[in-house]
Amino acid sequence: MNSKQVRVSTKAELAKELDKKTDEIIVEGDFSQTIAEIKKGQLNDTDMLGFAVGSGGTGMIMEYGISKLMDVFDPAAKEDKKIRKQIERLYTIKRLTQESFLLHLKQLDY
């Protein structure tokens, strides 16, 4: 299977590739700091499954509600929120260098 890999350095390029659900995106430049922040809060699939099973499913419902509440009070622009959500839900993040990250589409791992 061939996976498509692209490099982006602006928010507009990143948003375009996220909308297309590109297999792998290398993020460089200004937006890499935001990717680093997202990576800090991202759990791997094993941890998410453990949380869901351990809480009997109620943890996922609470997480969803808290997430929606935080969105209401988040001062970030609508486009930034959309980009953050797409990255959190669809991609795994791997640091390549100090200033670049690889976003890998999660569904390719299954």
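The following legends describe close-up views of a predicted model.

**View 1. Helix H1 and its buried face.** Helix H1 spans residues 11–19, and Leu14, Ala15, Glu17 and Leu18 are its buried residues. Viewed down the axis of H1, these buried residues fall within an arc of 165°, so they line one face of the helix. Ala12 and Lys16, both exposed, are carried on the face of H1 turned away from the buried side. Lys21 follows H1 and has a positive phi, near 55°.

**View 2. Surroundings of the buried residues of H1.** Strand S1 (5–8), strand S2 (24–28), strand S3 (91–97) and strand S4 (100–105) pack against the buried residues of H1, as does helix H5 (78–90). Leu14, one of these buried residues, is also among the members of the largest nonpolar core that touch the most other members.

**View 3. The largest nonpolar core.** This core comprises 18 residues, of which Leu14, Ile25, Val27, Ile35, Ile87 and Leu103 touch the most other members. At least two residues of the core come from each of S1, H1, S2, helix H2 (32–41), H5, S3 and S4. In soluble globular proteins, nonpolar side chains tend to be buried together.

**View 4. Contacts of Ile35.** When its neighbours within four places in sequence are left aside, Ile35 contacts Val27, Ile87, Ile93, Phe101 and Leu103. Val27, Ile87 and Leu103 are, like Ile35, among the core residues that touch the most other members.

**View 5. Packing of H1 against H5.** The axes of H1 and H5 lie 10 Å apart, and the two helices pack at an angle of about 50°. H1 and H5 are therefore oblique to each other. The crossing in which H1 passes H5 is left-handed. On the H1 side, Lys11, Leu14, Ala15, Leu18 and Asp19 take part, meeting Glu79, Asp80, Lys82, Ile83, Gln86 and Ile87 of H5.

**View 6. Packing of H2 against H5.** H2 and H5 have axes 11 Å apart and pack at an angle of about 50°. H2 is therefore oblique to H5. Their crossing is right-handed. H2 contributes Thr34, Ile35, Glu37 and Ile38 to the contact, while H5 contributes Arg84, Ile87 and Glu88.

Note on methods:
Residues numbered from 1 in each chain as written. Predicted model: local features only at pLDDT ≥ 70, side-chain atom pairs only at ≥ 80, totals over all residues. Heavy atoms only, no water. Buried < 20%, exposed > 50% of the residue type's maximum accessible area, 1.4 Å probe, protein only. Helix = DSSP H or I, 4+ residues; strand = E, 2+ residues; numbered from the N terminus. Arc of directions from axis to C-beta. Contact = heavy atoms within 4.5 Å. Core = buried A, V, L, I, M, F, W, Y, C linked by side-chain atoms within 4.5 Å. Axes fitted to C-alpha atoms, helices over the stretch in contact; angles between N-to-C directions. Parallel < 35°, antiparallel > 145°, perpendicular 65-115°, else oblique. Left-handed = near helix turned anticlockwise from the far one by under 90°.
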